[in-house]
Structures are given as C-alpha cells and as structure tokens.
Amino acid sequence: MKKILAAALFGCAMMAANAAFADPVKIGMITTLSGGGAGLGVDVRDGFMLALKQSGNQDVTVIIKDDAQKPELAVQIADEMIQSDKVQILTGIIWSNLAMAVVPNAVGQDIFYLSPNAGPSALAGAKCNKNYFNVAWQNDNLHEAMGSYASEAGFKKTFILAPNYPAGTDALTGFKRFYKGELAGELFTKIGQTDYAAEIAQIRASGADSVFFFLPGGMGIAFMKQYAQSGIKIPVMGPGFSFDQDVLGAIGDAAIGVKNSSQWSRDLDNEANKKFVESFQAEYNRLPSLYASQGFDTANLILSALAKAKVTDADAFRAALKAADFASVRGKFKFGNNNHPIQDIYVREVVKDAGTLTNKIIGVAFKDHQDAYAAQCKM
C-alpha cells in the first residue's frame with residue numbers, strides 16, 4: 001500500500017477494486033503533501049485511499065498530486081487533470097484560498113467537486129453549485145460551536161486570532177456569531193507565519209480571560225509551543241483541527257485540557273467509526289485525525305453514489321450524492337439545500353490516554369446544525 005501511495009505522489013494512477021461498477025471512473029486528488037500543511041493532506045489522502053481499498057473497487061483510478069499549498073499550482077494541476085487526464089471527479093483540497101481558485105472553474109466545466117475539507121462561505125452561499133458537495137463542514141461551523149461554548153463557559157473577554165485568508169475570515173466571523181462576550185482583541189496573522197511573539201505580547205497586555213485561535217497545521221503548532229513557553233496562563237480554545245491527532249504529538253502536553261470543537265471524534269460510538277479507527281491504525285500505524293475521517297467519508301460517499309448511478313449520467317449521479325446513502329464515521333449525515341452537511345458538532349477536550357495525546361467528547365455544541373449561508377444559495 002505504501003509503495004502504491006508513493007507512486008501516486010508522482011502522478012501515477014492508483015487503482016482500488018470493486019467489480020460492481022461497470023464503467024471506469026477517474027478521480028483527481030489535489031492536496032497538500034509538502035510544506036507546513038502536509039500532514040493535513042496526507043491524512044485526507046490516507047483516509048480516502050483506505051476507504052477505496054476496503055471497498056475492493058477495481059474500476060476507480062485516483063490520480064494524486066501535490067499542490068504545495070500554492071493556488072496557482074492547484075489551478076494548473078486541475079486544468080491538466082480535466083483536460084489531459086479526463087477526470088470526472090475532483091477532490092482533496094485542504095485550503096480555502098486554493099478551493100476558491102479551483103472549484104468554480106471546475107464545476108463550470110461540469111466536473112464534480114467533493115470537498116474533504118475547505119468550505120469557504122462563498123461556495124456555501126451565493127456561489128453554490130449543483131456539482132459542488134462539501135463532505136466536511138462550512139468553514140464557520142466549528143468556530144461557531146466554540147463561540148457558543150465560550151459564552152456557556154462564562155468567558156467574557158476573549159482574544160481571537162486567525163490567518164488572513166478566506167477560512168481565517170470565516171473562522172472569526174463564525175466565532176463572533178455565537179459569542180456573547182466582549183473581544184479583548186482581534187488579529188489576522190500572515191498565512192504560513194511561524195513567529196507569534198508579537199501576537200502573544202498583545203494577548204498578554206489585552207486583559208483577556210481566554211484566547212480563541214484558528215491556526216491550522218504548522219501555524220498552530222508554532223503558536224502553541226511559543227504560547228506555552230511564554231508562561232501565559234490564559235486558557236486557549238479552538239476548532240478541532242487546531243488540536244487534532246495530526247498536530248497533538250508536535251504540540252505536546254501544553255495541549256492537555258484544551259477545549260475544541262469537531263463534528264467527529266475517535267470516541268464516537270457508532271459501528272462505522274469503530275471500524276474506521278481500528279482499520280486506519282492497523283493500516284498506517286497511527287491514530288486517525290479529523291482530516292483522515294473526512295477523506296474516508298468522502299470516498300465512501302462517492303462509492304455509494306457509484307453503486308446507484310454512473311458518473312456519466314450526471315443527473316442520476318448528482319442525486320445519488322445528494323442522498324448521502326453511506327455509513328458516515330460521524331454517525332448521521334445529510335446534505336442541506338446548498339450541498340453542505342447538516343450535522344451535530346461536539347465539544348472535545350484534549351486528554352492523555354495510555355500515554356498518547358488525543359481527544360474525548362465532553363458535550364454537544366449543536367444538534368443538526370446548518371451553516372449560516374444556506375439561505376443565500378438558490379438551489
């Protein structure tokens with residue numbers, strides 16, 4: 001399996017088997033496999049490919065390429081996949097600025113795009129499209145949950161910060177939508193930033209009683225390490241992907257006790273999730289992350305649709321995707337009118353379990369939560 005994945009990184013076709021599908025299907029995965037955000041893309045890829053392997057499908061070819069977190073490269077790869085490789089489905093993008101660069105053009109060419117992560121507000125609202133499905137969340141959702149949690153926890157003066165790109169803007173907008181307290185400060189940092197001394201100094205001087213941050217991948221690791229080293233005792237909180245399995249090992253014990261929000265957790269008590277966690281750990285010798293769960297669900301959604309309709313029959317395939325007739329690892333799953341999930345969102349706490357940092361669910365932030373932009377979508 002590892003050798004096959006390595007080949008895929010160089011753009012080689014990868015096959016996964018199931019004789020149930022009569023026509024070959026070609027999927028293009030554009031994701032981040034190098035640089036500071038590589039862990040996120042690796043987990044999406046590995047979750048996706050595990051689902052295909054378990055399905056036994058031999059008629060799906062997946063072409064995997066690294067976008068290196070560069071919008072212009074992602075656009076180039078997408079064009080090559082559509083024009084030269086003749087893919088019928090695209091997936092894999094982690095970052096919202098890359099999604100905004102790739103998705104509108106792709107769906108405009110009647111290509112299906114299924115997002116395993118990025119969910120910018122524009123694509124959930126006015127720029128929604130019948131061929132665009134998000135299998136993760138709309139960007140605001142997990143931040144909305146933490147805004148609600150911060151209010152319920154009694155925090156009255158929270159300092160908030162996020163990178164200056166579409167997902168960062170959505171993050172702070174979402175937090176403020178449900179937070180009832182006062183803001184001690186609000187900052188947008190540089191995307192890819194690794195030195196947070198100035199921001200930490202501002203937090204220290206702000207009189208904040210709490211900190212909410214969205215800094216995915218290496219950014220969050222750098223911030224948390226520097227925050228812990230600074231000696232500040234102000235509690236921090238964030239969305240689940242800032243404290244998920246892909247980064248907890250790098251952050252270390254400074255993460256213990258931190259509250260975060262997620263639509264998935266490895267301790268969710270349903271059969272699909274139990275099997276996923278066990279099989280992912282057996283396949284890759286590590287615990288799955290939120291990103292891995294989203295890649296796994298995205299692949300299984302595609303497989304469920306292919307079992308009902310050929311991708312060449314666009315209307316039937318689209319309807320099969322919309323039906324979401326698959327066993328999601330998060331439990332119940334359905335799409336709203338804008339092809340974004342309506343789902344439960346949980347509050348988790350970072351704990352150490354048998355010497356391993358991980359998360360456990362401590363509450364439910366939202367039941368059957370739909371994003372704030374669905375009303376702007378005309379579908």
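Helices (H or I, at least four residues) and strands (E, at least two) are DSSP runs, numbered from the N terminus. You are looking at a predicted model, where local features need pLDDT of at least 70, side-chain atom pairs count only at pLDDT 80 or more, and totals for chains, interfaces and linings use all residues. Residues are numbered from 1 along each chain as its sequence is written, and side-chain values use heavy atoms, with hydrogens and water left out.

**Thr 189**
- Thr 189 belongs to strand E8, which covers residues 182–189.
- Its relative accessibility is 2%, so Thr 189 counts as buried (under 20% relative accessible area with a 1.4 Å probe, protein chains only; exposed is over 50% and partly exposed in between).
- Leaving out residues up to four places away in sequence, Thr 189 touches Leu 161, Ala 162, Pro 163, Asn 164, Tyr 196, Glu 199 and Leu 215; contact means heavy atoms within 4.5 Å.

**Helix H12**
- Helix H12 has 17 residues (290–306) and reaches 25 Å from first C-alpha to last, close to the 24 Å expected at 1.5 Å a residue; that expected span is 1.5 Å times one less than the number of residues.
- H12 is largely enclosed by the rest of the structure, because 17 of its 17 residues are buried.
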